[in-house]
Amino acid sequence: MFYISCLSGLKKMELRVHSLTESWAIQIVSLSKNCPSLTELRIHGWIPEEAIRVFQKSQIRPDCALTIEGYRCKGGKQCSHMNDCRETVKIHLNAGGFSMEILRPPLFGN
Ligand SMILES: [Zn+2]
């Protein structure tokens with residue numbers, strides 16, 4: 001497993017990942033815990049259900065706000081991603097806990 005290290009004094013971090021795997025999600029949550037100077041963490045990428053589950057059951061430092069923006073598949077486990085199964089979501093994990101908003105559908109494919 002890879003490891004994201006915390007640099008002393010790091011306040012803000014933005015990451016773009018192709019797909020937010022479960023191990024990415026675990027690393028991101030532990031980074032927010034292990035890095036006391038970090039106040040803002042933003043992630044962009046494809047968000048699979050297993051990553052959402054990790055964030056749902058995680059807690060982070062109350063003074064650190066985590067925002068994840070990206071697409072998720074609303075087609076379920078058997079989805080072949082051939083149809084328009086994507087929806088744009090924004091996940092917040094902060095002092096108020098976990099919340100997820102569904103944004104407007106993507107205008108362009110990629
Ligand atoms: Zn799909």
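Hi everyone. Before we start, please keep in mind that we are looking at a predicted model.

Let's begin with the parts. What elements does the protein chain contain? It has two helices and five strands.

Now let's zoom in on strands 4 and 5. Strand 4 covers residues 86-94 and strand 5 covers residues 97-102, and the two pair in the antiparallel sense over six bridges. How many residues does the hairpin between strand 4 and strand 5 use? The chain gets across through two residues. If you want one place to look, find Lys90, which stands opposite Glu101 in strand 5. While you are there, remember that side chains in a regular strand alternate between the two faces of the sheet.

Next, the whole chain. The C-alpha trace spans about 45 × 30 × 25 Å along its principal axes. Why does a radius of gyration of 14 Å agree with a compact globule? Because a compact globule of 110 residues would have a value near 13 Å.

The accessible surface comes to about 6,900 Å², and carbon and sulfur atoms account for 52% of that.

Contacts are worth a look too: among those between residues at least 6 apart in sequence, 60% join residues at least 24 apart.

Last, the charges. The chain has 14 positive and 10 negative charges, and their mean positions are 2 Å apart.

Definitions and conventions
Residues are numbered from 1 along each chain as its sequence is written. This is a predicted model: local features need pLDDT of at least 70, side-chain atom pairs count only at pLDDT 80 or more; totals for chains, interfaces and linings use all residues. Side-chain values use heavy atoms; hydrogens and water are left out. Two strands pair if DSSP finds at least two bridges between them. Helices (H or I, at least four residues) and strands (E, at least two) are DSSP runs, numbered from the N terminus. The radius of gyration is taken over C-alpha atoms; the globule rule is 2.2 Å times the number of residues to the power 0.38. Contact means heavy atoms within 4.5 Å. Accessible areas come from the Shrake-Rupley method with a 1.4 Å probe; for residues, only the protein chains shown count as cover. Lys and Arg count as positive and Asp and Glu as negative; His and the chain ends are not counted. The place of a charge is taken as NZ of Lys, CZ of Arg, CG of Asp or CD of Glu.
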